[in-house]
Amino acid sequence: ELEALEHEGREYILELDRATGVRRNRGSLAEWAYAANLTKENEDRLMQIRLELSQQEKAAWEETRMYKWQGFQDKELKRMFRKYNELGVSALDDEKYQQLMRAVSGMESNYATAKICSYKNRTKCDLELEPEIVEIFTKSEDPEELKYTWLEWHKVAGAKARNNFTRYVELYNEAAKLNGYKNVADLWQADYEMTDFEEQLESLWCDVKPLYEQIHAYVRKKLRDKYGEEVVSKRGPIPAYLLGNMWAQTWGNIESFTRPYPDKKEMDITQAMKDQKYTPIKMFQMADEFFRSLNLTGMNEKFWKNSIIEKPTNREIVCHASAWDFFDGEDFRIKMCTEVTGEHLRVIHHEMGHVEYFMQYKHHPTVFRDGANTGFHEALGDTIALSVSSPKHLRRVGLVSGDADDEQSEINQLYKMGLDKIVFLPFAYMLDLFRYGVFRGTTTPEEYNCQYWRLRESLQGVEPPSVRTEQDFDAAAKYHVSANVEYARYYVSFIIQFQFHRALCSLAGEYAPGDVNRKLVDCDIYQSVAAGNALANMMRMGSSRPWQDAMEALTGQREMKADGLLEYFRPLYEWLVAENQRTGEYIGWEPSKIQYC
Ligand SMILES: C=C(C[SeH])C(=O)N1CCC[C@H]1C(=O)O
Ligand SMILES: [Zn+2]
């Protein structure tokens with residue numbers, strides 16, 4: 001009897017899964033049409049299609065609930081039913097569902113089309129985030145220009161999203177409750193299939209905080225040397241607008257005038273690519289070639305035909321880089337407003353890592369076509385990029401010349417990587433700690449901005465350029481807050497990518513513990529089929545098994561651990577401790593003097 005029921009259940013769920021694939025394809029095509037051409041007409045069409053799809057999902061969900069799947073024997077079949085049992089935001093009634101979609105779409109289109117006036121020419125008011133404003137934060141060393149640009153962007157992209165955001169929180173929380181969760185924080189964390197996810201985030205932060213405090217102290221001293229004590233204090237937080245990035249999430253753009261050994265040649269990938277007449281397509285082909293060298297699958301014909309890799313001149317699009325799965329086993333795309341910079345070379349590998357993952361798990365039922373958890377999906381491309389950004393690889397491809405690795409060059413290299421990978425951790429941790437509080441109601445709308453800056457000061461040790469009030473809403477000036485994209489995935493990614501990197505470097509014969517000729521910092525897995533096969537085996541699991549199984553398959557560990565990251569940066573940590581002692585720099589930061597609560 002049970003056998004028959006389970007057999008019937010399998011027939012049902014496989015048919016549902018096929019229908020879901022068709023729905024996801026239709027939905028992705030409508031999302032792409034809008035994100036790639038932000039017109040009112042495309043938005044209205046998208047809203048209509050989303051509503052139809054949500055109604056179809058709801059009907060299917062009612063049917064799925066009739067099956068007594070909890071008692072089934074087949075683990076994978078049970079996992080499929082469990083995933084289909086979670087309806088998500090379609091659980092809202094049509095009216096509220098549409099209101100939620102409009103609130104998010106309003107925030108995201110505001111962000112994508114926000115423009116400010118130029119500091120140097122106040123009548124020129126068509127500056128967008130990409131490429132103009134990013135360019136200013138990449139190059140300007142004028143504190144007044146940076147402060148002005150920071151304030152103007154936070155006005156148009158942050159404050160203006162506050163009302164939509166508040167409505168989004170209410171509706172999204174209602175949807176979470178309809179799915180059996182207390183709030184969206186719990187809904188988001190369910191993806192990680194852990195009972196102690198938030199405790200783990202805290203514990204990982206405790207592991208890496210000492211390393212962060214050292215690089216923070218060192219950078220604050222370098223910025224004070226450059227801009228003076230009036231602008232950068234001895235013991236306070238660092239002004240966020242001086243760190244080379246609108247959100248102070250990575251500080252790579254201030255490397256040139258802060259690196260430990262300035263007389264050592266700087267590895268300016270951007271300049272090298274410009275000198276060698278690199279184009280966006282060449283950057284994509286380079287990344288594709290790296291993946292193929294690992295015996296992974298290269299980008300297919302549809303990818304090269306359908307992707308958008310440069311900002312169009314005749315329409316508005318969402319420029320924030322993204323990778324797209326159209327769930328038909330063939331159509332995979334990237335949409336990106338590529339500039340010829342070292343940062344974008346890294347982003348291209350990041351996005352192509354998503355596409356590689358899509359292709360590796362495309363044989364699975366639709367419901368398992370996902371990362372082991374979303375952090376895995378974000379870590380894949382970055383792990384490859386760790387090899388690409390090694391001096392060894394950059395020399396191999398001619399983007400860096402000469403200069404055999406000596407102690408000082410290695411410290412410079414680790415410092416450059418640290419400005420990307422170490423400083424990112426408190427930012428990522430902060431962004432979802434903030435939103436967990438918002439969804440739980442412990443942070444109310446009346447204190448959104450105050451709470452956001454309290455977390456930024458306590459975790460990142462940064463402060464705003466001037467007084468902030470509740471007329472502001474600085475959190476939404478970050479894409480993922482305006483676009484409703486969960487962010488703990490990146491925090492997880494920046495930890496586990498070093499576990500992946502270490503395992504792959506071992507397999508590639510590029511790393512051995514304690515072997516000074518095979519250090520992590522100079523590992524390049526390029527052309528290692530052994531490493532590529534291990535990656536493919538892990539990706540091919542999709543989300544069909546708990547992520548701990550995928551982690552174990554690749555690294556032998558069954559948990560997220562900071563040991564890979566700490567081992568990679570150990571020489572830098574020791575150098576920074578000594579250097580900060582030498583200069584007597586205060587480690588950590590005292591409360592900010594800026595009024596933001
Ligand atoms: C490149 C992407 C698209 Se998934 C991205 O949003 N990233 C990649 C790293 C962190 C985060 C960000 O830009 O904030
Ligand atoms: Zn990503």
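**Exercise 1.** Classify the residues of the shell around ligand 1 as nonpolar, polar or charged.

*Solution.* The model is predicted; local features need pLDDT of at least 70, side-chain atom pairs count only at pLDDT 80 or more, and totals for chains, interfaces and linings use all residues. Side-chain values use heavy atoms, without hydrogens and water, residues are numbered from 1 along each chain as its sequence is written, and chains are lettered from A and ligands numbered from 1 in the order in which they are written.

Step 1: list the shell, in which each residue has a heavy atom within 4 Å of the ligand. The list is Gln-249, His-320, Ala-321, His-350, Glu-351, His-354, Glu-378, Phe-424, Lys-478, His-480, Tyr-487 and Tyr-490.

Step 2: apply the classes. Ala, Val, Leu, Ile, Met, Phe, Trp, Tyr, Cys and Pro are nonpolar, Asp, Glu, Lys and Arg charged, and the others, Gly among them, polar. The shell has four nonpolar, five polar and three charged residues.

**Exercise 2.** Find which side chains have a polar atom by an oxygen atom of ligand 1, including that of His-320.

*Solution.* Polar contacts here are pairs of N or O atoms within 3.5 Å. The distance to a ligand oxygen is 2.7 Å for His-320, 2.8 Å for Lys-478 and 3.1 Å for Gln-249. Taken alone, ligand 1 exposes 370 Å², of which the protein buries 86% (Shrake-Rupley method, 1.4 Å probe).

**Exercise 3.** Identify the residues that coordinate the zinc ion (ligand 2).

*Solution.* Step 1: take as donors the N, O and S atoms within 2.8 Å of the metal (3.2 Å for Na, K and Ca). His-350 (NE2), His-354 (NE2) and Glu-378 (OE) coordinate the zinc ion at 1.9 to 2.1 Å.

Step 2: read the spacing along the chain, H-x3-H-x23-E.

Note on methods: Polar contact = N/O pair within 3.5 Å; in protein donor to acceptor, adjacent residues only side chain to side chain.
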